[in-house]
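Trainee: I have a model open and want to learn how to read it. Where should I start?

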Amino acid sequence: MKTAIYFCLSLAFAFALLFGGRAAFAADSSACQAECNKCASMCEQTAAHSKKSKGDTATVKKMEDCAKMCRTSADFIKRDSEQSAKVCAVCQDLCNTCAESCEKSTDAKLKACADECRNCADHCKKMAG
């Protein structure tokens with residue numbers, strides 16, 4: 001009887017670890033995917049704003065790179081690619097680079113873009129492991 005109880009408890013614990021951990025991963029990946037799409041939109045809009053106002057071309061390029069990488073990361077996560085962690089690591093790097101560049105500006109839109117890039121980088125860091 002004792003053996004059966006221990007077996008059931010062990011099975012329940014293994015089930016919780018297996019599926020509970022997967023659920024947490026799914027929640028993290030879903031949040032990261034949403035954040036990547038949000039960051040991509042922000043970078044695209046801010047790059048367009050900067051082009052109109054004749055902003056720094058190097059910063060515009062960083063925003064465009066960041067937007068493309070964020071879209072790519074979101075796509076890899078959506079497809080549950082085995083390479084998602086690697087792609088998210090690159091995305092984290094580009095988001096941080098973009099944020100650093102945008103933070104140098106006095107333009108409020110670029111400052112908001114920098115904040116969004118930092119948020120996305122934090123989510124990608126969790127996904128990258």
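Mentor: Start with the ground rules. This is a predicted model, in which local features need pLDDT of at least 70, side-chain atom pairs count only at pLDDT 80 or more, and totals for chains, interfaces and linings use all residues. Residues are numbered from 1 along each chain as its sequence is written, and side-chain values use heavy atoms, with hydrogens and water left out.

Trainee: How many helices and strands does the protein chain have?

Mentor: Helices (H or I, at least four residues) and strands (E, at least two) are DSSP runs, numbered from the N terminus. Here the protein chain has 4 helices and 0 strands. Along the sequence the pattern reads α-α-α-α.

Trainee: What share of the 129 residues is buried?

Mentor: Buried means under 20% relative accessible area, exposed over 50%, and partly exposed in between (1.4 Å probe, protein chains only). In this protein chain, 33% of the 129 residues are buried.

Trainee: And what share of the contacts joins residues 24 or more positions apart?

Mentor: Contact means heavy atoms within 4.5 Å. Take the contacts with a separation of 6 or more: residues 24 or more positions apart account for 69% of them.

Trainee: Now packing. At what angle do H2 and H3 pack?

Mentor: Axes are lines fitted to C-alpha atoms, for helices over the stretch in contact, and angles run from 0 to 180 degrees between N-to-C directions. H2 and H3 pack at about 155°, with axes 9 Å apart. That makes H2 roughly antiparallel to H3. The cut-offs: under 35 degrees is roughly parallel, over 145 roughly antiparallel, 65 to 115 roughly perpendicular, and the rest oblique.

Trainee: Which hand does the crossing of H2 and H3 have?

Mentor: A crossing is left-handed if the near helix is turned anticlockwise from the far one by less than a right angle, and right-handed if clockwise. H2 passes H3 in a left-handed crossing. Among the contact residues are Cys 66, Met 69 and Phe 76 of H2, and Val 87, Cys 91 and Leu 94 of H3. The residues of this contact of H2 with H3 divide into 14 nonpolar, 6 polar and 2 charged. For those classes, Ala, Val, Leu, Ile, Met, Phe, Trp, Tyr, Cys and Pro count as nonpolar, Asp, Glu, Lys and Arg as charged, and the others, Gly among them, as polar.

Trainee: How do the axes of H3 and H4 cross?

Mentor: They come within 8 Å and cross at roughly 160°. H3 is therefore roughly antiparallel to H4. H3 passes H4 in a left-handed crossing. The contact includes Cys 95 and Glu 103 of H3, and Cys 117 and Arg 118 of H4. It divides into 17 nonpolar, 2 polar and 5 charged residues.

Trainee: How many salt bridges does the structure hold?

Mentor: Side chains of opposite charge can pair when their charged atoms come close. A salt bridge is a side-chain nitrogen of Lys or Arg within 4 Å of a carboxyl oxygen of Asp or Glu. The structure holds 5. One of them joins Glu 44 and Arg 71, with the closest N and O atoms 2.9 Å apart. Glu 44 sits in H1 (residues 2-52) and Arg 71 in H2 (residues 57-78), 27 residues apart, so the pair links distant parts of the chain. At 38% relative accessibility, Glu 44 is partly exposed. Arg 71, at 31%, is partly exposed.

Trainee: Which residue does Glu 64 meet in a salt bridge?

Mentor: Lys 51, at 2.7 Å from N to O. Glu 64 lies in H2 and Lys 51 in H1, so the pair ties together parts 13 residues apart in sequence. Glu 64 is partly exposed at 31%. Lys 51 is partly exposed at 48%.

Trainee: Where do Arg 118 and Glu 103 lie?

Mentor: Their side chains meet in a salt bridge, 3.1 Å from N to O. Arg 118 is in H4 (residues 108-128) and Glu 103 in H3 (residues 84-103), so the pair ties together parts 15 residues apart in sequence. Arg 118 has 27% relative accessibility and is partly exposed. Glu 103 is partly exposed at 33%.

Trainee: Is Ser 73 buried or exposed?

Mentor: Buried, with a relative accessible area of 0%. Ser 73 is in H2. It touches Cys 36, Val 87, Cys 88 and Cys 91, not counting residues up to four places away in sequence.

Trainee: What does Glu 116 touch?

Mentor: Glu 35, Lys 38, Cys 39 and Met 42, again leaving out residues up to four places away in sequence. Glu 116 is found in H4, and it is buried, with a relative accessible area of 6%.
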